[in-house]
Amino acid sequence: MTQTRDLAEFAHDLAREAGALARMRRERGVAIAATKSTLADIVTEADREVEQLIRDRIARERPGDGFLGEESGAEGGTTGLTWVVDPIDGTVNYAYGIPAYAVSIAVVEGDPDPARWRALVGVVHNPAIDETFHATMGGGAFLGERRLAVNAEVGGAGALLATGFGYDPVRRAEQFAVLERVLPLVRDIRRIGAASLDLASVAAGRIDGYYERGLWPWDHAAGAILVTEAGGRVGGLDGAAASRELTIAAPPALYDALEAVLRSPDL
Ligand code: LIP
């Protein structure tokens, strides 16, 4: 537990330091450094600079740990622990100055594979509005000092859901078809634009549930432990772990209902 507490404290302070750099770069103006999978999938110089800062701090503080980052890829370690990092989740929001982006840092134990890892620590920090969500395995989930809990009771008007869309036009057409079927069944939909903030919002009860296809491990690693430590469930269909195939996050009862809808063969 001491190790987990120390990891959590380091991850918390690191996310806030990285967030301060991201915010400073945002305030000074952001340039698109390149596009990745499609024209819509962008990376900024700040993404790369923030991830390098995080990587350097971890290499200094935790030299034997592994690393898996959105911009610089994977590096194995010798301690059995891996840092799973999205330096600026919500890149498009960040590029446009929309205050909904986050530094997402998780520490996982075991294979750096969402189907096999055990998340020990998660931190999701939104520097634009200075909100830091954090959780440790078995230690609960918090926004600052406030303990979090998912919305266990969804009202009669249905659930408030969040979702997201990939950058690939073909996948977007499929995602729209799913949304077209889901929307009439729920209270409303929110599209925040950052998976880590979607997951933090489920943990905080700001939205009832979230689903998205096409997420990378760094998109959901930290937010997932926030949700589970706030009493929610995170995964895919039929007991699968969260993956690129599907990530669902919700209180248990809503999770089952969402799973049934999303499994529907005509979706
Ligand atoms: C984003 C995710 C979001 C998804 C976007 C994008 P990025 O990650 O957090 O949930 O809908 O398409 O993948 O690219 O901003 O790190």
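**Close-up 1. Trp 216 in the predicted model is partly exposed.** Its relative accessibility is 40%. The charged end of Arg 244 sits over the ring of Trp 216. The distance from that charged end to the ring centre is 3.7 Å.

**Close-up 2. Tyr 94 and Tyr 101 form an edge-to-face pair.** The structure holds three aromatic pairs. In the tyrosine pair, the ring centres lie 4.8 Å apart and the planes meet at 75°, so the geometry is edge-to-face. Tyr 94 is buried, at 0% relative accessible area. Tyr 101 also counts as buried, with 4% relative accessibility.

**Close-up 3. Trp 216 and Trp 218 form a stacked pair.** Their ring centres are 5.5 Å apart. The planes stand at 15°, under the 30 degrees that counts as stacked. Trp 218 is buried, at 11% relative accessibility, whereas Trp 216 is partly exposed.

**Close-up 4. Eight strands build an open sheet of mixed pairing.** The order is S4-S3-S5-S6-S7-S8-S9-S10. Strand S4 (73-75) and strand S10 (146-147) stand at the edges. Each has a single partner strand, so one side of each lacks a neighbour in the sheet.

**Close-up 5. Strands S6 and S7 pair in the antiparallel sense.** S6 covers residues 102-109 and S7 covers residues 118-126. Seven bridges join the two. Ile 105 stands opposite Val 123 in S7.

**Close-up 6. Helix H6 (residues 217-229) lies across several strands of the sheet.** Among them are strand S3 (66-69), strand S5 (81-89), strand S8 (131-136) and strand S9 (140-143).

Conventions: Residues numbered from 1 in each chain as written. Predicted model: local features only at pLDDT ≥ 70, side-chain atom pairs only at ≥ 80, totals over all residues. Heavy atoms only, no water. Phe/Tyr/Trp six-rings, centres within 6.5 Å; stacked < 30°, edge-to-face > 60°. Buried < 20%, exposed > 50% of the residue type's maximum accessible area, 1.4 Å probe, protein only. Lys NZ or Arg CZ within 6 Å of the ring centre and 35° of its normal. Pairing = 2+ DSSP bridges. Helix = DSSP H or I, 4+ residues; strand = E, 2+ residues; numbered from the N terminus. Contact = heavy atoms within 4.5 Å. Axes fitted to C-alpha atoms, helices over the stretch in contact; angles between N-to-C directions.
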